[in-house]
Amino acid sequence: LAGGRQMKRLEIMFADLDALSKEQGKKIKNLTDDQYKFVGEAIASAYSTINEEKLRMLQNAIKNSIDEPEITFSASEVLARLIRDISPQEAKFMINNFHHKRIIVKKEAQSREARSKESLFIIRTGTEEETILTGLIHLGILYSNDSIYGGGVEYDWSPIASRLIQLLKDV
């Protein structure tokens with residue numbers, strides 16, 4: 001039963017990728033080694049993915065890597081690992097909050113108004129947002145910058161985050 005549902009999800013994804021290969025034939029023939037590595041790893045990841053949203057993310061990443069070869073240049077292995085391991089919730093959080101220069105985790109969060117006036121995003125400890133943030137930290141998409149006076153930790157975006165967002169954007 002579950003295997004049948006997975007086969008249907010993959011059939012849909014691969015039909016879309018087949019159509020993409022027909023319309024982008026010249027670009028596909030001229031893939032760089034980095035693009036080829038990334039696309040292959042993204043396709044391999046699809047076989048172990050049951051989440052439809054994650055499959056759409058993988059499909060977007062494949063399309064975007066074909067359209068924009070510079071995204072994967074010299075980072076195909078790192079990006080392939082990230083696209084394989086990031087959850088849809090983590091990806092959404094990253095995309096929605098990347099405009100914040102820094103993320104701070106502390107016991108008391110500021111009001112939404114105070115957050116938007118600064119390039120900071122303050123997350124209260126013990127929340128779902130903190131759990132998502134922890135996943136991004138473990139993936140290396142965020143890194144600890146410093147601890148702050150009064151308790152809390154500051155996080156900055158890794159330089160690879162912007163490239164990952166380019167791959168994930170909906171086309």
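This report walks through the fold, pockets, strands and salt bridges of a predicted model.

## Overall layout

Let's start with the big picture. The protein has nine helices and four strands. Reading from the N terminus, the elements go α-α-α-α-α-α-β-α-β-α-β-β-α.

Of the 171 residues in the protein, 42% are buried. As for contacts, take those with a sequence separation of 6 or more: 64% of them are between residues 24 or more positions apart.

## The largest pocket

The largest pocket comes in at a volume of about 230 Å³. Its lining is made up of Arg5, Lys8, Arg9, Ile12, Met13, Asp16, Glu52, Leu55, Arg56, Gln59 and Asn60. Two helices, α1 (2-23) and α4 (52-67), each put at least two residues into that lining, and α1 gives the most, with six residues.

Around it sit Glu53, Arg56, Met57, Asn60, Pro88, Ala91, Lys92, Ile95, Asn96, Leu168 and Asp170. Helix α4 turns up here as well, and along with α6 (88-97) it is one of the helices that each supply at least two lining residues. The most comes from α6, with five residues.

By residue class, the lining of the second largest pocket splits into five nonpolar, four charged and two polar residues. Arg56 is in the lining of the largest pocket, and Arg56 also lines the second largest pocket. You can say the like of Asn60, which is listed for the largest pocket and for the second largest pocket.

## Serine 65 in helix α4

Staying with α4, have a look at serine 65, which lies in this helix. Is serine 65 buried or exposed? Serine 65 has a relative accessible area of 0%, so it counts as buried.

Which residues does serine 65 touch, leaving out those up to four places away in sequence? The partners are Gln35, Phe38, Val39, Thr72 and Leu167.

## Strands

Strand β4 covers residues 153-157, and because four of its five residues are buried, β4 is largely enclosed by the rest of the structure. Its partner here is strand β1 (residues 102-106): the two run antiparallel and are joined by four bridges. Within this pairing, arginine 102 stands opposite aspartate 156 in β4.

Over in strand β2 (residues 120-124) you'll find arginine 124. Arginine 124 has a relative accessibility of 43%, so it counts as partly exposed. Its C-alpha atom is separated by 30 Å from that of glutamate 52, which is 72 residues apart from it along the chain. Glutamate 52 is also one of the residues lining the largest pocket.

## Salt bridges

Side chains of opposite charge can pair when their charged atoms come close. How many salt bridges does a search of the whole structure find? It finds eight. Among them is the one between the side chains of lysine 27 and aspartate 67, at 3.3 Å from N to O. Lysine 27 belongs to helix α2 (residues 25-29) and aspartate 67 to helix α4, so this pair ties together parts that are 40 residues apart in sequence. Both ends are partly exposed: lysine 27 has a relative accessible area of 37%, and aspartate 67 has a relative accessibility of 31%.

Next up is glutamate 68, which forms a salt bridge with lysine 169, with 3.3 Å between the closest N and O atoms. This pair links distant parts of the chain, 101 residues apart: glutamate 68 is in the loop between α4 and α5 (76-85), while lysine 169 is in the segment after α9 (160-168). Lysine 169 counts as partly exposed, at 37% relative accessibility.

Arginine 84 and aspartate 85 also meet through their side chains, in a salt bridge of 2.8 Å from N to O. Arginine 84 is partly exposed at 42% relative accessibility, and aspartate 85 is partly exposed at 37%. Elsewhere, salt bridges that share partners join Arg102, Glu154 and Asp156 into one network.

Key:
Residues numbered from 1 in each chain as written. Predicted model: local features only at pLDDT ≥ 70, side-chain atom pairs only at ≥ 80, totals over all residues. Heavy atoms only, no water. 1 Å grid on protein atoms, 1.4 Å probe; cavity = no way out; pocket = protein on both sides within 12 Å on 5 of 7 lines; lining within 4 Å. Points joined across faces, edges and corners; volume = space filled by probe spheres on them. Nonpolar A, V, L, I, M, F, W, Y, C, P; charged D, E, K, R; others polar. Buried < 20%, exposed > 50% of the residue type's maximum accessible area, 1.4 Å probe, protein only. Pairing = 2+ DSSP bridges. Contact = heavy atoms within 4.5 Å. Salt bridge = Lys/Arg side-chain N within 4 Å of Asp/Glu carboxyl O.
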